[in-house]
Amino acid sequence: MSKFPKDFLWGVACASYQCEGAWDADGKGPNIWDDFCHDPNAENIKNRDTGDVACDSYHRYREDVALMKQHNIKAYRFSISWARVIPDGDGAVNETGLRFYDNLVDELVANGIEPLITLYHWDLPSALQDKGGWLNREIIPAFARYAEIIAKRFKGRVRCFMTINEPQCIAQLGYGNGAHAPGWKLPEEKVAQVYHNLCLAHSAAQRAIKAVCPDAQVGVVPCGSLAYPEKDTPAGREAAYQASFNLNVGWSFNIFLDSLILHRYDDSASDAVKRFAATIDPKDWELMETPDFLGLNIYQGFMVNEKGEEVKRYPGFPLTACKWGVTPEVLHYGPMNIYRRYGLPIYITENGLSCNDKVYLDGKVHDAERIDFLHRYLLELSKAIAEGTPVRGYLQWSFLDNFEWGSGYDERFGIIYVDYRTCDRIPKDSAAWYADVIASNGEIL
Ligand code: GBH
């Protein structure tokens with residue numbers, strides 16, 4: 001018997017700024033990542049890399065979809081560049097930009113690949129940032145209008161919409177420590193305001209999409225740290241659950257999801273967050289929309305003992321190229337614990353790793369490390385499913401090597417290698433392996 005349900009959605013993911021290129025083509029407006037990368041006064045990105053060309057997916061999407069089809073991919077999660085569709089964020093629609101996504105969706109559907117749309121994967125139109133970006137509540141109606149425009153256009157062709165990718169990164173990296181665009185460094189209470197506005201924006205967008213497409217599934221895609229137990233005992237599991245939802249660990253899923261779904265910040269919140277929470281207009285809680293599903297981006301977790309204390313990694317612990325821990329257990333306990341807390345169906349919307357991939361003497365890209373990583377993580381995910389967690393799909397990050405934000409092109413997460421000198425694509429060994437996993441619905445694992 002397969003370890004995965006029979007209609008399990010096997011796919012891949014990517015995001016507009018990271019792969020499209022064509023940064024100023026066909027009427028697209030500037031966005032905060034264009035500005036952040038082009039900033040003449042600061043080296044915000046490794047090697048001053050930019051997404052100007054990236055993988056040139058804007059022009060090569062047909063080739064990409066053909067490659068997906070060749071590899072049995074059933075679903076493609078991509079994001080829409082808001083400024084390509086509405087150059088200033090809340091004004092006129094750029095029909096040419098919208099047509100690019102039309103063509104992409106048609107190409108996917110024609111090839112039997114389900115399109116999953118993310119509305120916002122970090123590339124805010126610059127004109128909206130000039131008005132305060134996610135710190136200003138005026139962004140909420142602008143985001144809802146954008147969602148409505150997209151829903152109208154893709155009604156009947158797209159079943160699954162995701163509003164916001166990783167509110168945690170937007171708030172903490174964009175507005176907290178400034179590592180990501182727009183590069184703002186604000187005090188914690190302001191960052192809490194950003195989180196709150198993101199919850200309200202998700203909710204307004206969800207309502208807008210549902211009004212147009214009542215049958216659509218609308219989700220949101222948070223991230224954060226998740227714990228897994230040192231020992232698989234009841235006490236160990238409980239400790240991992242508690243440690244995963246401590247608001248004070250820095251990166252937490254629940255700083256966003258508790259307020260969105262449970263309408264509260266619990267006692268583990270920092271004083272600054274508590275001060276902000278006390279200022280929330282109680283009517284705001286009534287505006288929060290529970291998503292139909294949660295998209296989880298999960299890369300690594302941390303181990304805790306039965307007392308809930310973090311267990312330090314041993315010397316020489318397995319790491320990926322960008323030094324993230326290889327902790328497959330997080331795909332077992334992570335989704336289980338998120339389900340226990342929120343009770344919503346789950347898609348793993350991102351999981352994968354960067355490797356120091358290169359073209360070998362034989363012209364191929366041998367990424368045994370990626371195959372081993374994905375194999376281990378998928379086996380652990382199957383345990384969560386066996387224990388009753390409703391995981392509907394798994395989207396590997398990423399299909400193509402692409403622009404990895406502050407790390408530029410130094411990190412390669414793809415199952416397809418991209419030679420950035422030519423934008424040529426070379427499927428890595430992991431792509432063939434993943435094709436076999438999909439063809440067998442995970443049976444070969
Ligand atoms: C995602 O970000 C992005 O959505 C995607 O665009 C990006 O290319 C991809 O991942 C690869 O980086 O993991 O416990 O240390 C993930 C960014 C999420 C990394 C939170 C750090 C901190 C918690 N991050 N994470 S933990």
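Good morning, colleagues. The model is predicted: local features need pLDDT of at least 70, side-chain atom pairs count only at pLDDT 80 or more, and totals for chains, interfaces and linings use all residues. Residues are numbered from 1 along each chain as its sequence is written, and side-chain values use heavy atoms, with hydrogens and water left out.

I begin with the ligand. Which residues are closest to it? Among the 18 residues that surround the ligand, the closest are Gln18, His121, Glu350, Glu404 and Trp405; a residue belongs to this group if one of its heavy atoms lies within 4 Å of the ligand. One belongs to glutamate 166 and lies 2.9 Å from an oxygen atom of the ligand. For glutamine 300, the distance from a polar side-chain atom to a ligand oxygen atom is 3.3 Å. Tryptophan 397 likewise places a polar side-chain atom 3.3 Å from an oxygen atom of the ligand. A polar contact here is a pair of N or O atoms within 3.5 Å; within protein, one must be able to donate a hydrogen and the other to accept it, and residues adjacent in sequence count only if both atoms are side-chain atoms.

Next, the pockets. The search uses a 1 Å grid over the protein atoms alone: a pocket is an open set of points with protein on both sides within 12 Å along at least five of seven lines, a cavity is a set where a 1.4 Å probe fits but cannot get out, and lining residues have an atom within 4 Å of a point. Grid points are joined across faces, edges and corners, and a volume is the space filled by probe spheres set on the points.

The largest pocket has a volume of about 660 Å³. Its lining comprises 29 residues, and Glu166, Cys169, Cys223, Tyr299 and Trp324 lie nearest the centre. By class, 14 are nonpolar, ten polar and five charged. In this scheme Ala, Val, Leu, Ile, Met, Phe, Trp, Tyr, Cys and Pro count as nonpolar, Asp, Glu, Lys and Arg as charged, and the others, Gly among them, as polar.

The second largest pocket has a volume of about 310 Å³. Of its 21 lining residues, Tyr314, Phe317, Pro318, Val326 and Thr327 are the closest to its centre. β8 and α15 (368-386) are the elements that give two or more residues to this lining, and α15 supplies the largest share, four residues. Helices (H or I, at least four residues) and strands (E, at least two) are DSSP runs, numbered from the N terminus.

How many cavities of 30 Å³ or more does a search of the whole structure find? There are three. The largest cavity has a volume of about 140 Å³, and Cys19, Ser57, Asp64, Tyr76 and Leu104 lie nearest its centre among 18 lining residues. Helix α3 gives the most to that lining, with five residues. The second largest cavity, of about 80 Å³, has 14 lining residues, including Ile32, Tyr120 and Trp122. Its lining holds eleven nonpolar, three polar and no charged residues.

Finally, helix α10 (residues 234-244). Gly236, Ala239, Ala240, Tyr241, Ala243 and Ser244 are buried there, meaning under 20% relative accessible area (1.4 Å probe, protein chains only). Their cover includes β6 (227-229), α11 (254-262), β8 (302-304) and α14 (330-342), with contact taken as heavy atoms within 4.5 Å.

Thank you.

Conventions
Buried means under 20% relative accessible area, exposed over 50%, partly exposed in between (1.4 Å probe, protein chains only).
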